[in-house]
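Please look over the sequence and the fold before reading on, and keep both in view while working through the points below.

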Amino acid sequence: MADETVEAGKPVLSVVVPMRNEADVLGIFLARLLPAMDAIGVGYEVVCVDDGSTDETWAKVREVESADPRIRGLRLSRNFGKELAMTAGLDAAKGDALVFIDADLQDPPELISDFYKLWQAGYQNVYGLRISRQEDSWAKRTSASLFYAVFNRLSSVPLPVNAGDFRLLGPEAVAALRRFKERHRFMKGLYAWIGFPSVAVPYERPCRAAGATKFNAARLFNFAVEGIASHSTTLLRLWTYVGILAVLLAALLGLWMIIEYFAFGRNPRGYYLNLFILLGFSSINFIMLGIIGEYVGRIYEEVKQRPLYILRSDDSEPTE
């Protein structure tokens, strides 16, 4: 069971909403979120994290913050990315349990009530599971399926397929996530890595209420690479096997050339064969160096020990 002892004035639930350029949808989102939270019947707060928006998002956050004390705004000094915006909200949240939800209304706020009941039943990680991705394009659905297949093949801690960031985390899960200080974060992998009793809540995911997605094909690809490289070293180990296979193929090829020369008196012309081997193995080396570079780059970022994110405390804007 969830801990029923709550400090006076302390919210039971903190709803963390990472947002970037969501001015068009913020009002619609809060109009659905707040009644859904009121219906649960416990104290709550809404932490809106502005991840370097270039539209009127922050101005609207400040407006609703001044009108409702349950809403708090955090403004990052620039665009740090969704994973670190969520981390900023995680660090600032005051509630016993925490809910991550996007502002685009593709994750129904009304489901939070079901999440809360399952947390009360003893689950520390209650996550929404999309039962279809019909709102996504064919290319996005295919790439998502491929990503989950590759990730779960390479990682020792598999991900639930089609589970996003929309979830409720209990106090133990929140405390565990706050201990992570790594810069390159793949939150979906961290949710699975920390363990704790987990349960899925299936739901149909609608289209965005307004605005456009911030994830294009390039960002989704980089996000997938981030996830795999952050939670598995299998790609590095794979090249040991590739090297062994290459040595065996080279030995067999050399043996065949010796047999041809001594048994059949033929000296095989090797121009095209040598060109093929040169280009093939050079390409493999470049791929290998690229993968090693991904991991070395992460080491480089970690050892610098820079802050994960920086908050802005002023509302002033530069004037022309």
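**Briefing on the predicted model**

N21 is found in the loop that lies between β1 and α1, in a model that is predicted. With a relative accessible area of 24%, this residue N21 counts as partly exposed, and its phi is near 55°, a positive value in a residue other than glycine. The points that follow take up the backbone, the sheet, the helices and the surface in turn.

**Backbone angles in loops**

- Most residues other than glycine have a negative phi.
- L105 lies in the loop between β4 (97-100) and α4 (112-120), and at 4% relative accessibility it counts as buried.

**The sheet**

- Eight strands form an open sheet with mixed pairing, and their order is β7-β5-β6-β4-β1-β2-β3-β8.
- Because β7 (198-203) and β8 (311-312) stand at the edges and each has a single partner strand, one side of each is left without a neighbour in the sheet.
- Strands of a sheet pair through backbone hydrogen bonds, and they do so in either a parallel or an antiparallel way.
- The strands β1 and β2 run parallel and are joined by seven bridges, with P18 standing opposite V49 in β2.
- Strand β5 (residues 125-130) pairs with strand β6 (residues 163-169) in the antiparallel sense over four bridges, and here N125 stands opposite L169 in β6.

**A covered strand**

- In a regular strand the side chains alternate between the two faces of the sheet.
- In β2 both faces are covered, with Y44, V46, C48 and D50 buried on one side and E45, V47 and V49 buried on the other.
- Seven of the seven residues of β2 are therefore buried, where buried means under 20% relative accessible area.

**Helices with buried residues**

- Which residues of helix α2 (residues 57-67) are buried? They are T57, W58 and V61, and they cover an arc of only 90° around the axis, which puts them on the same side of α2.
- On the other side of α2, the residues E63, S66 and A67 are exposed.
- The buried residues of α2 pack against several elements, namely β1 (13-19), α1 (23-40), β2 (44-50) and β3 (71-76).
- Helix α3 (residues 82-92) has nine of its eleven residues buried, so it is largely enclosed by the rest of the structure.
- The buried residues in α3 are K82, E83, L84, A85, M86, T87, A88, G89 and L90.

**A buried loop residue and its contacts**

- L308 is found in the loop between α10 (271-303) and β8, where it is buried, with a relative accessible area of 14%.
- Leaving aside residues up to four places away in sequence, L308 touches F80, L84, T87, K181, E182, R183 and R185.
- L308 and E182 are 126 residues apart along the chain, yet their C-alpha atoms are separated by 8.0 Å.
- Among the residues that L308 touches are L84 and T87, and both of these are buried in α3.

**A nonpolar patch on the surface**

- L252, L255, W256 and I259 form a nonpolar patch on the surface, and together they have about 400 Å² of accessible area.
- One of these residues, L255, has its place in helix α9 (residues 234-263), and at 47% relative accessibility it counts as partly exposed.

Note on methods. Residues are numbered from 1 along each chain as its sequence is written. This is a predicted model: local features need pLDDT of at least 70, side-chain atom pairs count only at pLDDT 80 or more; totals for chains, interfaces and linings use all residues. Side-chain values use heavy atoms; hydrogens and water are left out. Two strands pair if DSSP finds at least two bridges between them. Helices (H or I, at least four residues) and strands (E, at least two) are DSSP runs, numbered from the N terminus. Buried means under 20% relative accessible area, exposed over 50%, partly exposed in between (1.4 Å probe, protein chains only). The arc is that of the directions from the helix axis to the C-beta atoms. Contact means heavy atoms within 4.5 Å. Patches are made of residues with over 30% relative accessible area and no salt bridge: like charges are joined within 9 Å, nonpolar side chains (Val, Leu, Ile, Met, Phe, Trp, Tyr) within 5 Å. Accessible areas come from the Shrake-Rupley method with a 1.4 Å probe; for residues, only the protein chains shown count as cover. A salt bridge is a side-chain nitrogen of Lys or Arg within 4 Å of a carboxyl oxygen of Asp or Glu.
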